[in-house]
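Please keep the sequence and the structure in view while reading.

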Amino acid sequence: MSDEQPADAAQAPLVEVRDLKVHFPITRGIIFNHVVGHVLAVDGVDLLINRGETYGLVGESGCGKSTLGRALLQLIPPTAGSVQFDGVELTALTGEQLRSMRQRMQMIFQDPVSSLDPRQNVESILTEGLEAHGIGADRAKRRELISETLDSVGMPRWALSRYPHEFSGGQRQRIGIARALALGPELIVADEPVSALDVSIQAQVINLLDELQDSLGLTYLVIAHDLAVVRHIADTVGVMYLGALVEEAPSDLIYAEPLHPYTRSLMSAVPVPDPDVEDRRERILLSGDLPSPANPPPGCRFHTRCPWAQPERCADERPVLHEARPGHWVACHWVEEIAEGRIRPHEVDAELVRPQEGVAAAPVVRAPQVP
Amino acid sequence: MTMVVERQAGPLLEVSDLSVVFRRRGQREVRAVDGISFTVDSGEVVGLVGESGCGKSVTALAVTGLLPPRGVEVGGQARFGGTDLLALDPRTRRDLRGRELAMVFQDPISSLNPVVPIGVQVTEVLTRHREMSLRAAKVEAAGLLDRVGIPDPQRRLREYPHQLSGGMRQRALIAMAVACQPRLLIADEPTTALDVTIQAQILELLKELVRELNTALIMITHDLGVVAGMCDRINVLYAGKVVESAERRALFAAPHHPYTVGLLKSIPRLDAARGEPLHAIPGSVRDVLPWQEGCAFTPRCPRRVEQCLDGPPELTPAADGRAYRCVNPDLTTGPVRPAATAAS
């Protein structure tokens, strides 16, 4: 979409994703399966992640953010597009080559309960990766390595002989982080790293991720639905809607002035623990639900729910991610008009969205249009 | 069969000294709720806030009589318009539940019957409690779905829960809960399983219902952002006790209990700057002290003093209707706000 995305000239980005697509086939039939359609989970995403930076990917459930994270690590084979990691094209790698690359990119999962094997003790969980990649000469050496890793995530060394169920949620997530760190990766993809944790524990884990980045120079791709969490850890924020990026900008810019209508409504929906803020701020309530990614709306994918949707262009022309402000990329036809207030939001009728059928009809626009 | 709860002066629901103890043979007893008291008036929204295991859901289950009959000991009183809900026999309570008090749960998929169409589940409430004919109930059900913002209600009534999205299911549950225009609605984490934009829709809907039907609402949540926007009075729970209780504005303007302060400081906020470190509360909710030995929050408290271990602290009333349970309260902290508030 955007070939001239800004790249730090002095330093090549660690990860470069170009026009990545992941389409899952929908099959019918009992004996003879035939493909009746595709779920367009990720449909053309360009992404650059610079070294030592945190890229925050936000969006609601079903927008394809987790699929994108997994496709980046080649855990799900992409349908099309390229993923370059430190100059190496990952989609072209197979078998052993890909496996050895994985040492450099690790993942932290959302659910600290189901992502740890309940029948392995912590030592065995942490050494598994070391053994697989042949790090550490013998057991004693490996033990030393993982003990250091445990220290860095703030877990006591006696944890090694314990099992996951003996720990609280926050501690389990620390073990999950230690497992990712043990291999000395450069990139960590964290898929909803704190959303399963209690508020007071969330803060501990967020701070830990921040400290580790400072001390180890890690690069993060943090996938989250919580905009406030991303605000705290991300340098660059990308907002996804139905398989595509709708806005991307440095964290400060995007939170100070969200430009895309979807980002605006997303931000206005996040509750702030402050009655004064809550009472004063305007809310942009979106009607209806996310359309089905199996049958996304034509044109701009957000136009069926967009309070600023216009009769022309929105329904038939898919907007391209373009640089609306320096460093601030938006996929919307009417960015300038909306930012200047020349287009006012109007009411949108909620419409039926079914898992199979997708969108039924174009929205009924009630208010008069002022272009 | 039809028991009418008298309208009386005083609060609609008055929970006093509620305690719930789980006892299982061969296991240590668990005191999930330990003497909780609060009141709710008609048209008022009261929040019960706390982290997992603080007893907020068990409180709701005890009030509605939905706790399992065995292995549980419920103490105290829950006076609903003059009658003690806890002393009622199960049948009378069943008649009351659904008609006078209703509940919305966190997970809409597990609170709906997956093999029964939505329509049957909604009409059931109407035929059971409002004694409507099936035909009238169907018309009413469509009206209810429309009321909670479900498009094309006639078609939705014939569908099964799996055919609806998460937000729609939660709307259907709310429709069922308000079907009999209950005087008290208990919402237990009604938006936790939903996306933020859908959460905003559901919260708006609940506020509207409270305004229009003058329903009392007990909002149970872990999210202080949610209560800041909608609750009139907030009770902060920790380890089965109310540790701080105050009007919405008073609580956020000057939190007194160190746990409330800690919670507010540890929340990542949209209006804080990048890189501002969060103030985490050390330890986890598992590190509690039994209340008999002192304040349960002592092991994690930054303001602990020796007196904290002199038995359970009392709920101390203070100005503007606030009360806190702490021997060394934080009286100096103003509103917890990010250091550099970003331009909005």
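## A hairpin in chain A

Strands E9(A) and E10(A) make a hairpin with two residues between them, and A:Leu242 in the turn has a positive phi of about 45°. Helices (H or I, at least four residues) and strands (E, at least two) are DSSP runs, numbered from the N terminus. The model is predicted: local features need pLDDT of at least 70, side-chain atom pairs count only at pLDDT 80 or more, and totals for chains, interfaces and linings use all residues. Residues are numbered from 1 along each chain as its sequence is written, while chains are lettered from A and ligands numbered from 1 in the order in which they are written.

## Partners of E9(A)

Two strands pair if DSSP finds at least two bridges between them. E9(A) pairs with E10(A), residues 244–250, in the antiparallel sense over six bridges; here A:Thr236 stands opposite A:Pro250. With E3(A), residues 54–58, the pairing of E9(A) is parallel and has four bridges, and A:Val58 stands opposite A:Val239.

## Burial of E9(A)

A residue is buried if 20 or more other C-beta atoms lie within 10 Å of its own, exposed if 12 or fewer, and partly exposed in between, with C-beta atoms placed from the backbone. Six of the six residues of E9(A), 236–241, are buried, so the strand is largely enclosed by the rest of the structure. One side carries A:Thr236, A:Gly238 and A:Met240, the other A:Val237, A:Val239 and A:Tyr241, and both faces are covered.

## Two loop residues in chain B

B:Asp152 has a positive phi, near 50°, and is not a glycine. B:Asp152 sits in the loop between helices H5 (134–147) and H6 (153–157) of chain B.

B:Gln181 has a positive phi near 45° and lies in the loop between helix H7 (166–178) and strand E7 (184–188) of chain B.
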